Amino acid sequence: VQLVESGGGLVQPGGSLRLSCGASGIIFSRYVMGWYRQAPGKQRELVATITSRGSTNYVDSVKGRFTISRDNAKNTVYLQMNSLKPEDTAVYYCNAKYGADWWGKGTLVTVSS
């Protein structure tokens with residue numbers, strides 16, 4: 001099983017980024033996919049999840065700014081991040097859950113002027 005994140009980088013406050021996570025080795029359409037993040041000195045936290053049927057859930061701090069989506073034909077989950085704030089700075093991890101948990105290695109998002 002492999003989850004590979006991409007799309008991180010440096011962005012100014014108020015800017016946007018789109019993260020992608022490509023999955024292999026799993027029946028992607030069965031999995032609940034999620035994005036988590038870990039800021040320096042803090043615990044990893046849930047950002048957003050999307051079920052196999054497309055139901056979504058977000059942490060309060062990103063509601064209205066972030067959108068999670070998935071393309072089962074491409075085995076890919078996305079996180080569109082708008083109106084980014086410095087407090088969104090973190091390593092963002094992709095997660096696949098169906099009984100077992102699988103994790104990507106993460107992609108760094110830095111929001112700074």
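The structure is a predicted model, in which local features need pLDDT of at least 70 and side-chain atom pairs count only at pLDDT 80 or more, while totals for chains, interfaces and linings use all residues. Residues are numbered from 1 along each chain as its sequence is written, and side-chain values use heavy atoms, with hydrogens and water left out. The protein chain has eleven strands and zero helices, where strands (E, at least two residues) and helices (H or I, at least four residues) are DSSP runs numbered from the N terminus.

**Overall build**

- Along the sequence, the protein chain reads β-β-β-β-β-β-β-β-β-β-β.
- Its radius of gyration, taken over C-alpha atoms, is 13 Å, close to the 13 Å that the globule rule gives for 113 residues, so the protein chain is as compact as a globular protein of that length; the globule rule itself is 2.2 Å times the number of residues to the power 0.38.
- Taken along the principal axes, the C-alpha atoms of the protein chain fill a box of roughly 40 × 25 × 20 Å.
- Of the 113 residues in the protein chain, 40% are buried, a word that here means under 20% relative accessible area, with exposed meaning over 50% and partly exposed lying in between (1.4 Å probe, protein chains only).
- The protein chain has an accessible surface of about 6000 Å², and 47% of this belongs to carbon and sulfur atoms; such areas come from the Shrake-Rupley method with a 1.4 Å probe, and for residues only the protein chains shown count as cover.
- Among contacts (heavy atoms within 4.5 Å) between residues at least 6 apart in sequence, 53% join residues at least 24 apart.

**Strand β9 and its partners**

- Two strands are said to pair if DSSP finds at least two bridges between them, and strand β9 (residues 90-98) pairs with strand β4 (residues 32-38) in the antiparallel sense over seven bridges.
- Strand β9 also runs antiparallel to strand β10 (residues 100-103), to which four bridges join it, and antiparallel to strand β11 (residues 107-111), with three bridges between them.
- Alanine 96 in β9 stands opposite methionine 33, and alanine 96 also has tryptophan 102 in β10 as a bridge partner.
- Valine 91 has leucine 108 in β11 as its bridge partner.
- The hairpin of β9 and β10 has one residue between the strands, and in this hairpin glycine 99 takes a positive phi near 80°.

**Salt bridges**

- Side chains of opposite charge can pair when their charged atoms come close.
- Five salt bridges are found in the whole structure, each being a side-chain nitrogen of Lys or Arg within 4 Å of a carboxyl oxygen of Asp or Glu.
- One of them joins arginine 37 to aspartate 88, with the closest N and O atoms 3.0 Å apart; this pair links distant parts of the chain, since arginine 37 is in strand β4 and aspartate 88 is in the loop between β8 (76-81) and β9, 51 residues apart.
- Both ends of that pair are buried, arginine 37 with a relative accessible area of 5% and aspartate 88 with a relative accessible area of 1%.
- Aspartate 60 and lysine 63 meet through their side chains in a salt bridge (3.0 Å, N to O), and aspartate 60 is exposed at 61% relative accessibility.
- Lysine 97 and aspartate 101 form a salt bridge between their side chains (2.7 Å, N to O); lysine 97 is partly exposed at 33%, and aspartate 101 is partly exposed at 37%.

- Threonine 76 lies in strand β8 and is buried, with a relative accessible area of 12%.
- The side chain of threonine 76 reaches the backbone oxygen of lysine 74 at 2.8 Å.
- Not counting residues up to four places away in sequence, threonine 76 touches several residues, including Ser20, Cys21, Phe28 and Arg70.
- Tyrosine 58 belongs to strand β6 (residues 56-58) and counts as buried at 18% relative accessibility.
- A polar atom of the side chain of tyrosine 58 lies 2.9 Å from the backbone nitrogen of isoleucine 68.
- With residues up to four places away in sequence left out, tyrosine 58 touches Val47, Ala48, Lys63, Phe66, Thr67 and Ile68.
- Tyrosine 58 and arginine 70, twelve residues apart in sequence, are 15 Å apart in space, C-alpha to C-alpha.

Terms used
Polar contact = N/O pair within 3.5 Å; in protein donor to acceptor, adjacent residues only side chain to side chain.
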